[in-house]
Amino acid sequence: MWAGRTSVTSMKRAAVSASRANDFKQCPLKFRFRAVDQLPEAPSPAALKGTLVHAVLERLFDLPASERSQEVAERLVDPQWAALLSKEPEHLTMFSSQEELATWLTQARALVANYFRMENPRRLEPAARERFVEVEIGDGLLLRGFIDRVDVAPNGAVRVVDYKTGKAPSPRFAAEALFQMRFYALMIWRLEGAIPARLQLIYLGDGRTLTLDPTQFELEETEREVTELWARIEAAARSGVFEPRRSPLCPWCSFQALCPAFGGTPPELPAEKVAALLSARGGAAGVGEVSEPGPR
């Protein structure tokens, strides 16, 4: 069911991802900077730590079940860090000293250790890891994303799992956190014809788990939500107005210096990238990219 199956749509066609949809919900201007202007963002140590831990957990499941111990997983941190550096050696510039780097690696190992308090990987054989999925919904809007892990039970029930290296949100923000998982479930449902039995967010930062057993009604509502959200994005693109929206997340935004809410001036809106954005609903291939480029 899961081996290598994706839609035939070109990777070059513009699409929307759960991350970019969340960006627009949080702040339309942040969405513009990321998806339309495609401005570069310097990686943060926290984001890089997430990439490293995800790589370790993916590599862990390459091993035979009997070898998937906490000690083995923690020993994977150093070689996976070396693999990241071999591709992007500039990551080292984030750390002012060897002591700072050593502390950061220790924190990564602690997150890996927390995973073993939440699941026993020796009892799991994922059907897919870092799985790329894309599918059209409604009148041709293309959705795209990468799923950390898909488990399939002997009875065929599907569980979609996503790892987070931060702490679980408060109950007030739990529904917002689960939007990403409902987005994934919607893609799987429309692509495979079966609704996942369970959606699971594993927060390694504090050892908590958020779960949702989605219904068809919930996924239909998610589809309407995504379609309506895209209509708002199209309206903003046509008008050229992507409003900033202040929130508690603003201090962590990479684009604060360009934001009018903080006295900044956005660059001129690039017409060719706006055209690419507007082609995402049933547009031709090869016109742009408005989803995240890959796994964290």
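How far apart should the ends of helix α8, with its 24 residues at 1.5 Å a residue, be? The 24 residues of α8 (residues 216-239) should span 34 Å, and the end C-alpha atoms are 35 Å apart, which agrees. The expected span here is 1.5 Å times one less than the number of residues in the helix.

This is a predicted model, in which local features need pLDDT of at least 70, side-chain atom pairs count only at pLDDT 80 or more, and totals for chains, interfaces and linings use all residues. Residues are numbered from 1 along each chain as its sequence is written, and side-chain values use heavy atoms, leaving out hydrogens and water. Helices (H or I, at least four residues) and strands (E, at least two) are DSSP runs, numbered from the N terminus.

**Helix α8**

**Helix α1 and its partners**

- The axes of α1 and α8 come within 11 Å and cross at roughly 65 degrees; axes are lines fitted to C-alpha atoms, for helices over the stretch in contact, and angles run from 0 to 180 degrees between N-to-C directions.
- The two helices α1 and α8 are therefore roughly perpendicular to each other; angles under 35 degrees count as roughly parallel, over 145 as roughly antiparallel, 65 to 115 as roughly perpendicular and the rest as oblique.
- The crossing of α1 and α8 is left-handed; that term applies if the near helix is turned anticlockwise from the far one by less than a right angle, and right-handed applies if clockwise.
- On the α1 side A21, F24 and K25 meet E225, L229, R232, I233 and A236 of α8, where contact means heavy atoms within 4.5 Å.
- With α7, the axis of α1 comes within 10 Å and crosses at roughly 145 degrees, in a right-handed crossing.
- Here A18, A21, N22, K25 and Q26 of α1 meet E176, F179, Q180, F183 and Y184 of α7.

**Nonpolar cores**

- A nonpolar core is a set of buried Ala, Val, Leu, Ile, Met, Phe, Trp, Tyr and Cys residues joined through side-chain atoms within 4.5 Å.
- The largest one has 51 residues, and those with the most contacts inside it are F31, L143, V160, F183, Y184, F242 and L277.
- Helix α7 supplies the largest share of this core, 13 residues.
- Another core, of 30 residues, lies apart from it and includes F61, L76, V77 and W81.
- Y184 is in contact with A18, F146, I147, V160 and D162, leaving aside its neighbours within four places in sequence.

**Helix α3**

- At 1.5 Å a residue, the 16 residues of α3 (residues 45-60) should span 22 Å; the end C-alpha atoms of α3 are 22 Å apart, which agrees.
- L48, K49, G50, L52, V53, H54, A55, V56, L57 and L60 are the buried residues of α3.
- These residues pack against α4 (70-75), α5 (77-87), α6 (98-115), β1, β2 and β3 (158-164).

**Helices α5 and α6**

- The axes of α5 and α6 come within 10 Å and cross at roughly 120 degrees.
- That angle makes α5 oblique to α6, and α5 passes α6 in a right-handed crossing.
- V77, D78 and W81 in α5 meet L101, W104, L105, A108, R109 and V112 in α6.

**Loop residues**

- H91 sits in the loop between α5 and α6 and counts as buried at 5% relative accessibility.
- Leaving aside neighbours within four places in sequence, H91 is in contact with P43, L48, W81, L84 and L85.
- P43, in the loop between α2 and α3, is partly exposed, with a relative accessible area of 44%.
- P43 touches H91 and M94, not counting residues up to four places away in sequence.
- G264 is in the loop between α8 and α9 and is buried, with a relative accessible area of 13%.

Conventions:
Buried means under 20% relative accessible area, exposed over 50%, partly exposed in between (1.4 Å probe, protein chains only).
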